[in-house]
Amino acid sequence: MSSLTLEQLIMLLPELLLLVLAVIIMLLPGRGRKMAWLVAAGGLAADLLMCLSLWDVNEFILGGGYCINNFAILVKVMLLGLALLNVIGSHDFTDRVYRAREYYALLLLAMLGLLIIPSSTDFITMIVAFELMSITTYVLPLAELDNPHGGEAALKYFLSGAFASALILYGLSLVYGFTGTMNLQDCASVMLLLGAHPLLIVALVLLLAGFGYKMALVPFHWWAADTYTGSSSPTTGFLSGVTQKGAFVVALKIIVVYSTVFAPLAALLLGLLCVATMTVGNVLALKQHDVKRMIAYSSVAHAGNIGVGFVVGGSGVVGSFVHILAHALMAIACFFALQLVLERKGGTTMQHFCGLAKQMPGLAAALMLVLLSFGGVPPLLGFWGKMLMVVSAVGVGGWYTVLALILVLNSALSLVYYAAVIREMYMRPAEIELLPAGRNGGRSYQLAVWLSVALLLGFGLLPNWLTEICSSALLNNVMPW
């Protein structure tokens, strides 16, 4: 491996800064909640600016094992921005949480893993980074000591993650045994040279199953609703809105490797998973009376939506990344809104949302916009990603047209339960009075909600800028390593 030059070391500063800041936060005094929040928020903002400065850089470093290109920078900027939004909203939450330092330190370490994933050019680096992200987030549901469901949520998340990791590692061992390399581009070249082999099909199934768990695709979704519901809402927003998206980046890289030989088979398997995920997630969400659990199942359905673009390929992948950003913003906004409702009305069932428009009109308006974006109502950002995927699928034709139709029908089905929440807020009288506001009145929650809504509206009204950036980064780096 060649030595690391100063110029190359500068390219690694975003990753190194997160590691240093995580250590600094753990060394803060026991009651340094405010300082921990400032260090985390400032560090993520600085990281975001450093990554933006690397746009249009195309370099391989660390002996070719790490790549800085527009694909990697796009993913890093997107994830850092979402994490910063989550940290901003978490201020009031961690102000009363005993383990505030640990919460922010683990969050930064999870972001370190997420930043390594898009730049990794071999399976070993990618999986180690993914496991770093996973292991640190297993503990996050335990940050709130008075949450009676935190232990159950953490345990289910850990067990499902451990099982998924075993499937992934076994699948990669078969890939290595057949190709003799862990480098992504070399794996693709060997597969193209030697052609299809049953061993590689078994490896593909194992990898799709393993990352299906991580992405919460049906039938590997059983942990998601319990983990998302049992965790505190700020934690759930980070898990659903940020860390889950790392699995989609890894899945895209694996799909590109396998597309050299197994494109039809990989598309068919992933397409069937997406159809099952969209349908089952929406049907289960329809049956929920607790809004938090409803949104958890909705996140499962949206994982299937995102996967449709990966199945179609081309501009469909651009639609997937637009929808990844849209869903992340919607999830973060929605879960912070739910946290505020929980603190002011004592719960998150449908009964707690009755009359919310009169009691908290600003929050109700923001939540309505978020729910409409979830359902894909234009001109909000939640519409454009789905539209790009549908147009791409119809353009390809064949069974992809059926896949597009199923996506449209599921979006229409989801509007039923999103509209039910809006009906409770605006058309039913309040049944539960507001509790006294806390010390900060949930201002950080409201700030995160309205920042997310502003981005959903801004990108939704001017989608061309976002889609052009995604197209440039993705389609010009179709082999992003």
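Visitor: Where in the structure is the place of Leu 13?

Guide: Leu 13 has its place in helix α2, where a helix is a DSSP run (H or I, at least four residues), a strand is one of E with at least two, and both are numbered from the N terminus. Please keep in mind that this is a predicted model, in which local features need pLDDT of at least 70 and side-chain atom pairs count only at pLDDT 80 or more, while totals for chains, interfaces and linings use all residues. Residues are numbered from 1 along each chain as its sequence is written, and side-chain values use heavy atoms, with hydrogens and water left out.

Visitor: Which residues make the nonpolar surface patch?

Guide: A patch gathers residues with over 30% relative accessible area and no salt bridge, joining nonpolar side chains within 5 Å and like charges within 9 Å; the areas are Shrake-Rupley values with a 1.4 Å probe, only the protein chains shown counting as cover for residues. Here Leu 4, Leu 6, Leu 9, Ile 10, Leu 13 and Leu 16 make a nonpolar patch of about 510 Å². Helices α1 (6–11) and α2 (13–26) each supply at least two of its residues, and the largest share, three residues, comes from α1.

Visitor: How many salt bridges does a search of the whole structure find?

Guide: A salt bridge puts a side-chain nitrogen of Lys or Arg within 4 Å of a carboxyl oxygen of Asp or Glu, and the search of the whole structure finds six. Because Lys 156 and Glu 152 are four residues apart in helix α8 (residues 150–179), about one helical turn separates them.

Visitor: Which residues of α4 meet residues of α6?

Guide: With contact taken as heavy atoms within 4.5 Å, Lys 76, Leu 79, Leu 80, Ala 83, Asn 86 and Val 87 in α4 meet Tyr 103, Tyr 104, Leu 107, Met 111, Leu 114 and Leu 115 in α6.

Visitor: Which peptide bond ends at Pro 219, and what is the phi of Asp 56?

Guide: Most peptide bonds are trans, and most residues other than glycine have a negative phi. In this model, the bond from Val 218 to Pro 219 is cis, with omega near 10°, and Pro 219 lies in the loop between α10 (198–215) and α11 (222–230). A cis bond also joins Pro 378 and Pro 379, with omega about 5°, and Pro 379 is found in the loop between α17 (361–374) and α18 (381–396). As for Asp 56, its phi is positive, near 75°, and its place is in the loop between α3 (33–52) and β1 (59–61).
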